[in-house]
Amino acid sequence: MSILIQQATILTMKDADAPFTGDIRVEGDRITHIADHIVPHPQDEIIDGRNKVAMPGLINAHQHTPMSLLRGFSDDLKLMDWLERKMLPAEARMNPEDIYWGAKLSIAEMIRSGTTAFADMYIHMNEIAEAVKQTGMRASLTRGMVFMEDDGGRRLQEAIDLVQRWSGAADGRITTMYGPHSPYTCPMEPLREVIALAVKEDIPLHIHLAETKEEVVKIRERYGLTPTEYLEEAGMFEQAHVLLAHGVHLNRRDIGRLKGMRGGVAHNPVSNLKLGCGIAPITEMLAQGINVGIGTDGAGSATTVDMFEEIKAATWLQKLDYGDPTRLPAKDVLSMATRGSASLLGLQDEVGMLEVGCKADLILIDLAKPHLQPVHEVESLLAYSVNGADVDTTIVNGQILMRGRKLLTIDEDELYREVKVRAKRIVEGI
Ligand SMILES: N[C@@H](CCSC[C@H]1O[C@@H](n2cnc3c(=O)[nH]cnc32)[C@H](O)[C@@H]1O)C(=O)O
Ligand SMILES: [Zn+2]
């Protein structure tokens, strides 16, 4: 199958490129041609790009997709209360089919708001993988592991099974990671074991880091270290590619420890705002050459998985925190949500840019809206004015998943019916 997008405003996200008007051809799963004008082939599916911006799909670098079933169920609580009193009991009631439908709900929202790939850490990952496979999305999947009590190695075995069964599946759209949940739920010994496994198999790691002040206090009490020092002591930054979620409470020395690491930090500004966690020092990390991407965290905390909201929150928080409106300008924050997140997923040469040879993961944004006119600076509109509902078309791996705001791989009526019944049962009495 081939697709020809005609006369769109193209934002490639390559450093040197300014937006320009042109055509894009997709053949199979890749972008094969970008030029001012491309002669149509008879078999091309033609998409009119006039009044639209074509850009790389956004990449959500930290998610717990089935938590969409818990959206709005326990707002306005502190993170540890929210997690221990509400989320964990509710999650204990989720069966594999619930996980499948919750993942599908988040995937529908992601496709509708211009996200083409995501990193997910959760349980019952086979069902999430099935949802990814069926809907046409791209994802890096992780079985999250808390090692607080002895489980006879069950969690680790599930993680290993996921990696073996799903790495490279669904035409290469699915990749996998190993996911020790956080410094406060992983003692040193199992942590070292997982790191050794990741290094041996060259599978990335995905972990929460320094999300709250309480975490910093807890790890200091237990080990006399900062959370970052604890992970360093475990050997996490020596060889493995690591996706660190949050990194809110890092001091200057912690940031120094991350310099030169493979992978980087997924910033989740809306979740951090809503849970009152703090503001991650991401512009300082960027200045040190640390790669930073953007994620939403689960919809249980962030409440939506619209990456355009995260983009706005990310840049506004830096401006506010430093009293400096020049911090994290539009182009830089867009780069975090595309190329930055792509590197966190280990997909830097494949997605996150519009370039011939890259995977065809791209979105079209409809500018024929009052809040998107006139067009002075395309990047400014995208960072500060666009929201997820302005996305018209979403393409992943050369397949059109949404066109003219209609989802083509998901039956939304069926989805909402399933979600309604399941969500009610899960939270009853909690
Ligand atoms: N509870 C599982 C581990 C699941 S991994 C994903 C976990 O991350 C939890 N989670 C979601 N958001 C956050 C966050 O912001 N910080 C820390 N944990 C979170 C979520 O509730 C979920 O349990 C087990 O025992 O094996
Ligand atoms: Zn999380």
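**Close-up views of a predicted model**

**View 1. Domain 1 and domain 2 share eleven residue pairs in polar contact, with both residues at pLDDT 80 or more.** A polar contact is a pair of N or O atoms within 3.5 Å; within protein, one must be able to donate a hydrogen and the other to accept it, and residues adjacent in sequence count only if both atoms are side-chain atoms. On the side of domain 1 that touches domain 2, the elements giving two or more residues are strand 5 (52–56), strand 14 (362–366), helix 14 (378–385), strand 15 (391–396) and strand 16 (399–403). Helix 14 gives the most to this side, with six residues. Helices (H or I, at least four residues) and strands (E, at least two) are DSSP runs, numbered from the N terminus. This is a predicted model, in which local features need pLDDT of at least 70, side-chain atom pairs count only at pLDDT 80 or more, and totals for chains, interfaces and linings use all residues. Residues are numbered from 1 along each chain as its sequence is written, and side-chain values use heavy atoms, with hydrogens and water left out.

**View 2. The chain is assigned domain 1 (2–56 + 359–407) and domain 2 (58–344).** These bounds come from an automatic or database domain assignment. Between them, domain 1 and domain 2 bury about 2400 Å², 60% of it on carbon and sulfur atoms. Buried area is the accessible area (1.4 Å probe) that two parts lose on being put together, summed over both.

**View 3. D361 and R138 form a salt bridge through their side chains (2.6 Å, N to O).** D361 lies in the loop between helix 13 (330–344) and strand 14, and R138 in strand 8 (residues 138–145), so the pair ties together parts that are 223 residues apart in sequence. D361 and R138 are both buried. A salt bridge is a side-chain nitrogen of Lys or Arg within 4 Å of a carboxyl oxygen of Asp or Glu. Buried means under 20% relative accessible area, exposed over 50%, and partly exposed in between (1.4 Å probe, protein chains only).

**View 4. K86, in helix 1 (residues 79–92), is buried yet has no salt bridge.** The nearest side chain of opposite charge, D81, is 10 Å away. Lys and Arg count as positive and Asp and Glu as negative, while His and the chain ends are not counted. Apart from neighbours within four places in sequence, K86 is in contact with F73, S74, L77, D81 and I430. Contact means heavy atoms within 4.5 Å.

Notes. Chains are lettered from A and ligands numbered from 1 in the order in which they are written.
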